[in-house]
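These are my notebook entries on a structure that I looked through residue by residue.

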Amino acid sequence: MGIKIDFKSQYKLYKSLLKNHSANMSKNLGKEVTIIPTSKRICRKNGVTNEAANSINTAEYLEQVYLLLKNKGYNIPKIYIDESQLPRRSNTAGLQMGNYNIFGPGRLEVSSPSLVIHEEGHFLHKKNLKYNQGLYGLFNKIRGFFRPFLNKKEKSILIEDFKRAYSEGYFNDLNLDKCLAKGYINEKTLKALYEKPEALISRNAMSCPEEFIADYFSLAAQGFKFSPEVTKRYRAFHGPEIKDIITRKETEDLINFRKNLEKRVSINLDA
């Protein structure tokens, strides 16, 4: 029978575990990975061993997705996992800031390969300094105030493209039941998605050029073929190059890997 250790000692072991795991991930990916310990308040409420599993599960899942992206020839970002930056009750999948993609622990069940690849699209697009900085970048921002970045015809075609992508199964990795249970979407949104999916899933892409680029990249990197008019607009905004395609089998493997991680609900820190 093991000796039960107090909260202070457990939390210290938890921080040490995350530090070591950050170092190992950084070595494996060739990019800096930082896993911030969840606050003592949350750990006291949920249990340190449960929060250790949340942090490590999220980290291991992201490591697999980014290793795949790296093997496909993409430049990957630094990774930051932090509850305070992206609380688990937030409906934001991830954040892209500078050279970092930021994620939160405790959100594994509602994550998907497509969402992580979407954030990769943001990172790669912002690496294009010619488009995003200087006089050219300023010109594009000013132009955005005076005219839509997609005209009426392009929007119509994009909606049809998303409808086709949905019918071809490119959104099957979204864990909608878990999203509903976690409060990220409501019953009304779920009903609207089933009734007219293209109207809902195209909304984000039509909100601004940056989201259009990231949504396009996420689908195209997984092999979806957009209409020529939409691809032309993607290239006009200097969307990232699509390299070696992520196959359906590789996406399914990531989903199964995530499901197996979900079974690990605690980590024994006493050992």
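Entry 1: The model I examined is a predicted one. I looked up Gln-10, which belongs to helix α1, residues 7-29. Its relative accessible area is 15%, so Gln-10 is buried. I then asked which residues Gln-10 is in contact with, leaving aside neighbours within four places in sequence. They are Ile-5, Val-48, Thr-49, Leu-269 and Asp-270. I also looked up the separation of Gln-10 from Cys-43, which is 33 residues away along the chain: their C-alpha atoms are 9.9 Å apart.

**Entry 2: cysteines.** How many disulfides does a search of the whole structure find? The search finds zero.

**Entry 3: helix α7.** I checked the length of α7, which runs over residues 152-167. Its 16 residues should span 22 Å at 1.5 Å a residue, and the end C-alpha atoms are 23 Å apart, which agrees. Next I listed the buried residues of α7: Glu-154, Ile-157, Leu-158, Asp-161, Phe-162 and Ala-165. They lie on the same side of α7, because they cover an arc of only 145° around the axis. I recalled that an α-helix has 3.6 residues a turn, so residues three or four places apart point the same way. On the other side of α7, I found Lys-152, Lys-153 and Ser-167 exposed. What covers the buried residues of α7? The cover includes α10 (197-201), α11 (209-220) and α12.

I then looked at the two ends of α7. At the start, a side-chain oxygen of Asn-151 comes to within 3.1 Å of the backbone nitrogen of Lys-153. After the helix comes Gly-169, with a positive phi near 90°.

Entry 4: I located His-238 in the loop between α12 (228-236) and α13 (248-262). The phi of His-238 is near 60°, a positive value in a residue other than glycine. Its relative accessibility is 24%, so His-238 counts as partly exposed.

For α13 I counted 15 residues; the distance from the first C-alpha to the last is 21 Å, close to the expected 21 Å. The buried residues of α13 are Thr-251, Leu-254, Ile-255, Arg-258, Leu-261 and Glu-262. They cover an arc of only 120° around the axis, and therefore lie on the same side of α13.

Entry 5: Is Gln-96 buried or exposed? Gln-96 is buried, because its relative accessible area is 11%. I looked for partners of its side chain and found two backbone oxygens. A polar atom of the Gln-96 side chain lies 2.7 Å from the backbone oxygen of Gly-98, and the side chain also reaches the backbone oxygen of Tyr-100 at 3.3 Å. Not counting residues up to four places away in sequence, Gln-96 touches Asn-101, Glu-119, His-122, Phe-123 and Lys-126.

Notes. Residues are numbered from 1 along each chain as its sequence is written. This is a predicted model: local features need pLDDT of at least 70, side-chain atom pairs count only at pLDDT 80 or more; totals for chains, interfaces and linings use all residues. Side-chain values use heavy atoms; hydrogens and water are left out. Helices (H or I, at least four residues) and strands (E, at least two) are DSSP runs, numbered from the N terminus. Buried means under 20% relative accessible area, exposed over 50%, partly exposed in between (1.4 Å probe, protein chains only). Contact means heavy atoms within 4.5 Å. The expected span of a helix is 1.5 Å times one less than its number of residues. The arc is that of the directions from the helix axis to the C-beta atoms. A polar contact is a pair of N or O atoms within 3.5 Å; within protein, one must be able to donate a hydrogen and the other to accept it, and residues adjacent in sequence count only if both atoms are side-chain atoms. A disulfide is a pair of cysteine sulfur atoms within 2.5 Å.
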